[in-house]
Amino acid sequence: MPLESFSIIESTLREGEQFVGANFTTDQKIKIARALDEFGVEYIEVTSPAASPQSLTDCTTIAGLGLKAKVLTQTRCTIADARLAMETGVDGIDVLIGTSSVLRQFSHGKDIPRIIEMAREVVSFLLGHGFEVRFSTEDSFRSNVEDIIPIYQAVDALGITRVGIADTVGVATPLQVYNLVSRVRQAVKCDIEFHGHNDSGCAIANAYCALEAGATHVDASILGIGERNGIASLGGLVARLYACDRTLVAKYNLPKLVELDNMVADIVGVGIPFNNYITGITAFTHKAGIHAKAVLNNPETYEILDPQDFGLTRYISIAHRLTGWNAIKARAEQLSLRLSDEELHVATAHIKALADEKPIGLDDVDAVLRGMSQQREERHG
């Protein structure tokens with residue numbers, strides 16, 4: 001299926017609340033939800049109302065904000081949880097149950113026939129009340145595929161909105177994700193959602209491969225926060241899709257990513273990593289001389305993402321031993337200094353030598369260029 005039809009289920013207010021540093025207040029949840037809505041995500045998922053009395057209140061509050069995005073909440077596969085979720089006013093309810101042998105043995109103790117029975121009961125109940133419903137197997141990639149396919153087919157036969165595939169412990173590889181999603185795509189008619197954790201560093205790649213294989217919905221969170229190492233980050237997923245075809249993410253307010261990342265980083269008390277997708281401090285910084293020359297001539301030579309599309313600018317780092325004369329020339333032009341190519345080469349050699357002796361900054365570069373310009377004026381009177 002074409003990638004153009006995908007939707008993002010943004011889970012900062014559900015999965016993200018499981019991050020060790022996340023203790024969102026109601027006001028913070030409202031602020032995050034409104035900002036995500038301005039960014040343009042299709043869905044916002046919030047913590048189960050069964051988690052705590054405050055979670056119930058917050059779920060109802062977010063559902064009542066009148067957002068353009070649909071509001072979802074996640075529940076266990078029980079009628080009691082489903083009934084409580086219905087009362088909050090959410091648009092959709094995400095039901096899940098563990099299906100791997102380890103979860104069936106040590107979490108809930110149910111066998112596959114009983115899981116199918118429970119799934120049919122809860123999904124039928126929710127569909128009967130007009131809700132958008134997703135049923136997900138938990139720990140899908142450590143589950144027997146011959147066990148989970150019949151579960152998906154059972155709920156698909158009821159007319160479920162979508163089924164979910166979850167890499168709950170981050171064990172899957174992109175190829176495994178592609179193969180399983182493809183298998184499920186052949187088995188059901190409904191939409192397919194993918195939820196992938198980042199324990200082994202594949203969350204974004206796995207989410208992208210899920211879409212390539214036929215998934216229609218992928219989960220993400222701001223900065224990728226969540227249980228343990230979290231899930232696919234919203235910015236990273238956007239970067240991956242943009243790099244494939246920037247029209248895929250044209251529907252989103254891309255400059256809003258900076259605000260979202262900064263907001264959540266501040267709330268949960270972490271810094272944005274220097275190499276974070278799009279919003280990291282070095283994301284659009286060029287240092288090597290050969291790179292700087294090419295980027296100055298045509299940014300696309302070394303940039304797959306255009307910083308202007310995200311409300312950002314590129315930075316050419318020139319105060320170091322790797323600098324090139326093209327970058328130094330560009331800086332001289334910024335300072336309105338008229339220097340010949342020969343003078344610029346001399347200045348560049350001087351800057352390189354200076355940087356070999358000690359760490360230097362932009363002020364040192366400017367001092368060299370201004371000194372060269374003054375010498376030029378003195379020579380030419």
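Which residue, with a positive phi, follows α8? That's Gly214, with phi near 125°.

## Ground rules

This is a predicted model, where local features need pLDDT of at least 70, side-chain atom pairs count only at pLDDT 80 or more, and totals for chains, interfaces and linings use all residues. Numbering starts from 1 along each chain as its sequence is written, and side-chain values use heavy atoms, with hydrogens and water left out.

## Helix α8

Helices here are DSSP runs (H or I, at least four residues), strands likewise (E, at least two), numbered from the N terminus. Helix α8 spans residues 203-213, and nine of its eleven residues are buried, so the rest of the structure largely encloses it. Buried means under 20% relative accessible area, with exposed over 50% and partly exposed in between (1.4 Å probe, protein chains only).

Among the buried residues of α8 are Asn206, Tyr208 and Leu211. As for neighbours, the buried residues of α8 pack against β6 (162-167), α7 (174-187), β7 (191-196), β8 (217-220) and α9 (234-244), contact being heavy atoms within 4.5 Å.

## Strand β3 and its partners

Five of the seven residues of β3 (residues 70-76) are buried. Strand β2 (residues 43-46) runs parallel to β3, joined by four bridges; pairing takes at least two DSSP bridges. Tyr43 has Lys70 in β3 as its bridge partner. Going from β2 through α2 to β3, the chain makes a right-handed β-α-β crossover, i.e. clockwise from first strand over helix to second, with the strands pointing away from the viewer.

On β4 (residues 92-98), five bridges link up with β3, again in parallel, and Thr73 sits opposite Ile93. β3, helix α3 (residues 79-86) and β4 form a right-handed β-α-β unit.
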